[in-house]
Amino acid sequence: MNRVTISPRGKTSVSLAALLLASCVLLGAYPAQAASSARGVDPRPGSHASERGRWMPHTVIVKFTPASMSFFSSSSAAPPSAAEAYTRYGVYETVRMYPRARNAFTESGREIGIDRMYRLAYASNADPWEVARALSRLPEVEYAEPERIHSIVYTPNDAMLGQQYALDAMRVKTAWDTTTGTASVVIGIVDSGVHWTHEDLRENVFINAGEDANHDGRFTTADLNGVDDDGNGYVDDIIGIDFVGPTATGGGAYYDNNPLPTPTGNNHGTHVAGIAAAIGNNGKGIAGVAFRCRYLPVKCSPDDGGNNIIRGYDGIVYAADMGATVINCSWGGPGGYLQSEIDRIEYALAKGAVVVAAAGNEGRDEIFTPAAYPNVLSVASTGPDDRVSSFSNYSTWVDVSAPGEGIISTLSASNSSYGAQSGTSMAAPNCSGVVALVASHRPELRGRALAEQVRVSADNIDSLQPRRYERKIGYGRVNAARALTVFLPSVRMVSSVVSDRNTGNGDGIFDRGETLEITMEWKNFLAPTKNAVVTLQSKSPNVTILAGEYRLGSLPTGASIDNGSSPFVIRLADVESYNEQIDIFFRIADEGYDDYGGISFIWQQTYRDHNANDITMTVSNDGNIGFDDFSGVRGKGFIYRNNGANVLFEGALMIGATVGDSPIVVDVARNETGNVQCTDFAGAAPVLMRTPGLIAAQEGMTEFTDDNAPLGSRLGVRVRLHSWAFTDPGLENVIILAYTIHNTSAIPFADLHAALFFDWDIGPSASSDYSDFDSASQTSWAYDFNKQVPTYVGATVLTRGKPVHFMSIANPESDANPPVFGIHNGFTKQEKWRSMSSGVWNTRVLFTDISQVIGNGPYALQPGDSCTVAFALIAGYRKSDILEAVPRALEKWRELSTQTRVHPLSTVPARIEILAIAPHPLRSSSTVPALIRIASPNAGPLALVVTDLLGRTVRSSTVRIPAPGDIAVPFEPFNLPPGTYVLHAVTPGGWTTRLFRVL
């Protein structure tokens, strides 16, 4: 391993030689070798990981361009253009991550070039994303990214649920009649370390022949000679490697040659290794699926415990370089794609390895990496009855399923410990063992072809599942016996595009009655097809397939084909069906071969994304923020600087007032059960999002009422939301939401309050978050107390004429000590009213799963009156980022209020109105323009936008209002198809709508 500024550093845990003595396996002693770098300053503890995006502190990964490599030498570790950034961030170490990697290419011919990847360590406290962005701007840098930390994914279960039922379920015992594996096939266990001295693991541990100094094929103390005998950059890695060491702060240059977990470490890797490769026929314990194969321990978890996998992708590269045929990754997490991770998976694939990964244990249909990355064999979990485990993730990216419930295997408590655990972490090594059996029997299959052989031979179990799992748990549950004997094609979709550009209106939003084109590309990885046909399918009654067949014909092994010249065509029904997920599947049929794939998209979505500045956030037409549903499928959540780490679980508007003697609250936050959202608000049309807006980079507009609330629990309000995202200097991290609330009832409200509810999930499993309130600026803020996720979030009320109300909620808190309460057991209407109307209290909770309520009131509203309550949502990497943005947001709101003559203190703001459309109804065949009468409280630009009832823009124009008052604007309905439309009149600070008909 090439590095700059190195110095020795020892590992505090037990050495390999001491372990040999303690286990009475061998005699003699020799100190374990370690290597790491001098740091110049002590690294600050922090950022190791959250399931929603956790990053190593003080570390970035940089891939330099080929031309820039001439700048690197023993005395130079950077191109000249990097000097300023290196100095600014205190870069003190530059380690070439894979100096011995030979050039490799993807299947498409792209040069992977991991030999040009460097891990940079820096002393500054700057966020890794900030450093990565700065370095990405350099012309010599191909990309720069933080280094992600993942979590292992098992669900502990101390009950013995079965005695290796998985071997029967996967027909492994039948497969053993053909092969039990061969020692030449190695399974890389990239995990928390392996207790390799276990009675059922000792004889199957991989021996690195290059470090076997006495060439006896065994691990003895004679092999620990302190020399890198095989020249791979690691000293004495005779039975694997440890990439992390005593603690998570060991750094990217750390390694030692002891992959054993300490007594306080996690035994997860030991359990995983036993499932795949525990010794068989030895009269002890269990038998691994491939019990004659070898396993390679690659430890990527700290000795001091925890579920973090910190250098897992380094482990993948190491296992591939050591010749592993299968690399098992029983870990991962939600989050966006990182090219540095994909490159290392592609590298392993190019070396002929299969990367097998657990699908995750959230029970959701969501992205989970590395399982969801291309070319990874992803594994969901099933139980003894072949039904999908309730904890298992599922999605179109899942390839196969395997038993993962109550799997008995080896444990690291002693050399003879066994126990049962559950999770997709257990399903993955069951699949890895089957891959190893196939590799032993058919050595000509490598990489993707080997993975596909296991996939296409699996048993379809869709008929046993609830419908939501159909074709989302892979081809089937793996079958070892079939995997050894069938010879089939494997035609996989490698890309797809759904488009309304040629057949619809081209806005990228799929509307009612619209016709769409679907193009796909497929590749055949196994036996040639003979006369294969692809047929499009959908179980949705709202999809009509107009052109749904494509003949692949005879497709040779390794060949690709696409239907770009003859795309599939579908038509969506001309009916109202908001936010429906449309699943489109295709079937590939050939002689003796039946396969499928699929894609999904949302139809008639009523929500839209703010994405014009550093915040990506979804707003809906029914009061939801972040996601339009409780499952987190419809929407993007709340993401700062598009780093893929959503930090918001749930966001919602709440409005309350006392009616008679009791408060009534209408909202869309979770209800008293804690498992379902209230649905009191209902929107008439989708959010209208304009990019750019009249006065901002992006403006959103929508309107909804509380008509969905039960009749006796309804206030009678109509709410207009106007939202702005600015790119002005100092406002790039701010989104403003202004809610204008109209009292449409016949009852006066003396104490109306409006508030926003946020359930923030920032840190690992949301269990280490911190919530607080800054009284000076009247601003809430929250962050991960362990600094494992860099994002800080905040909210402030901009309408300061009424008191601000705030409450921090510790979600797991019981309700036993009023007025404190938690919401894991439900969020009652009484608790909502208390949190939004009781002033500022319970301001701080820490190191737990947190929520916040921030609001404004009381407002006195007579029937027909209105009030406006405005908020700024803010994000950053520090508390100071939040607080510094507050005065800028307040100034921007004053500007908006002045433009619309809406004083922040006013409870009855003036507003723009559409007085009349004449004549009405309009006629499509007319050649005479109609007139629209507009009443505006101020002069300035006016946008007229016509949408259909789904929010699809059909006409738009901009005029200027010369002076406050009434103005008549000509409007041409020519050639508009007959129907009902919505006219939106939009000024810089206000807007209104009116329905009209065209005959």
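This is a predicted model: local features need pLDDT of at least 70, side-chain atom pairs count only at pLDDT 80 or more; totals for chains, interfaces and linings use all residues.
Residues are numbered from 1 along each chain as its sequence is written, and side-chain values use heavy atoms, without hydrogens and water. Local features need pLDDT of at least 70 and side-chain atom pairs count only at pLDDT 80 or more, while totals for chains, interfaces and linings use all residues.

Strand β15 spans residues 377-382. Strands (E, at least two residues) are DSSP runs, numbered from the N terminus. In β15, 6 of its 6 residues are buried. Buried means under 20% relative accessible area, exposed over 50%, and partly exposed in between (1.4 Å probe, protein chains only). Leu377, Val379 and Ser381 lie on one side of β15. Ser378, Ala380 and Thr382 lie on the other. Both faces are covered.

Strands of a sheet pair through backbone hydrogen bonds, either parallel or antiparallel. Two strands count as paired if DSSP finds at least two bridges between them. Strand β14 (residues 354-358) pairs with β15 in the parallel sense over 3 bridges. Here Ala357 has Ser378 as its bridge partner. Strand β16 (residues 400-403) also runs parallel to β15, joined by 4 bridges. Ala380 stands opposite Ser401 in β16.

An open sheet of 4 strands shows antiparallel pairing, in the order β23-β21-β26-β27. Its edge strands, β23 (549-553) and β27 (593-603), each pair on one side only. Neighbouring strands are turned by 20° against each other on average, direction ignored. Strand β21 (residues 532-537) meets β23 over 4 bridges, in the antiparallel sense. Val534 faces Tyr550 in β23.

The structure holds 0 disulfides (pairs of cysteine sulfur atoms within 2.5 Å). For Cys293, the nearest cysteine sulfur is that of Cys431, 14 Å away. Cys293 is buried, at 0% relative accessibility. For Cys300, the nearest cysteine sulfur belongs to Cys329, 8.7 Å away. Cys300 is also buried, at 0%.

Phe785, Leu846 and Phe847 make a nonpolar surface patch of about 280 Å². Patch residues have over 30% relative accessible area and no salt bridge; nonpolar side chains (Val, Leu, Ile, Met, Phe, Trp, Tyr) are joined within 5 Å, like charges within 9 Å. A salt bridge is a side-chain nitrogen of Lys or Arg within 4 Å of a carboxyl oxygen of Asp or Glu. Leu846 sits in strand β45 (residues 845-848). Leu846 is partly exposed, with a relative accessible area of 45%.

Key: Accessible areas come from the Shrake-Rupley method with a 1.4 Å probe; for residues, only the protein chains shown count as cover. Axes are lines fitted to C-alpha atoms, for helices over the stretch in contact, and angles run from 0 to 180 degrees between N-to-C directions.
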